[in-house]
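Subject: Structure handover

Hello,

Here is the structure we talked about. My notes follow below it.

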Amino acid sequence: MPTDDSPQSTVKHWQDCTDVYDFLEQIRLRPGVWLPGHSLRHLEALLTGYRVALGVHAIDEPFDFWPEQRFTQWLHERGGSSSSLSWAAEIERTTPPASAPVEEFFRLLDQYRVEQPRRSLRPQASSEHPGLQAVRIEISRHDWGGMRCGCEETAAHVPSDLLSLITAQTPAEATLAAIDNHVMIQSNLMDPAPAATAVVLAALADPSLTTPEAREVLLELLLYLGCGDTLQQEECEATIRGAVWILYRELTAHPSSVARAHAYETLHNLETERDRLAAFQHTVRDSLPADLR
């Protein structure tokens, strides 16, 4: 049931909603209208669109449902998990047999809202990293729900999976587990691969946005996206070639030799200025793995 501080449980037009919780209450009242097949991933996609709209229109509204925001943190803390899964994937994974993911989400949402005033006050950043705005604008440019994902569903969940990787803080969180078999299946690139390439490059553009561990995995992903076997490869290649200086920066500055190797191999596959690549390789060869010197 709704919490005491939830909006009143009456059906109204979505344009009359006052905030995200009011909007969620309308979905709770009529899930069949909003969520085809009562899919939690459709709810995740709706909330992704909601947050992107806030950013695009510069609306200052608290929003707790990005992968790195408070609802996801609360969910992982509650379950004693350090998982990098999005809140939707985590709820799907842990939903009891007698329940359903959407029902479980609203049950957890009510508990979350009740517990918020009792949570210990921890320092909260006054604003997110400014580099994330560029990432979110890039995400908003693409019709993820209209793309076919490697999981045979739409790619609506891919933005949150990419954001989880981009904002990873530990090696355990920096993983391609949520990307593999979705954006790509082995060397076969799926429909969201070109859009994912652009988002990865937007994240790599500001090295202070990501941890070295996250950048290493993002560079690994970029390597795979630049050498796939399917029709999407040409578009991915063109996008990467337009941002080669990001790769050269990582080749010279990343503290990990593995990350430098990913950058070098991508450049080796795609760089058209071979003299430039040879000059960089000669200069940084001692910081590359032995087989690339």
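Contact here means heavy atoms within 4.5 Å. Helices (H or I, at least four residues) and strands (E, at least two) are DSSP runs, numbered from the N terminus. This is a predicted model: local features need pLDDT of at least 70, side-chain atom pairs count only at pLDDT 80 or more, and totals for chains, interfaces and linings use all residues. Residues are numbered from 1 along each chain as its sequence is written, and side-chain values use heavy atoms, without hydrogens and water.

Start with helix 9. Of its 12 residues, 12 are buried (under 20% relative accessible area, 1.4 Å probe, protein chains only). Its cover includes helix 7 (131–140), helix 8 (158–166), strand 2 (188–189), helix 10 (212–225), helix 11 (233–241) and helix 12. The expected span (1.5 Å times one less than the number of residues) is 16 Å, and the end C-alpha atoms of helix 9 are 16 Å apart, which agrees.

Beyond neighbours within four places in sequence, Leu24 contacts Leu43, Leu47, Phe65, Phe105, Phe106 and Leu109.

Last, a helix pair. Helix 12 (residues 244–253) and helix 13 (residues 257–270) pack at about 140°, axes 8 Å apart (lines fitted to C-alpha atoms over the stretch in contact; angles run from 0 to 180 degrees between N-to-C directions). Residues in this contact include Leu247 and Leu251 of helix 12 and Ala263 and Leu267 of helix 13.

Best wishes

Notes. Buried means under 20% relative accessible area, exposed over 50%, partly exposed in between (1.4 Å probe, protein chains only).
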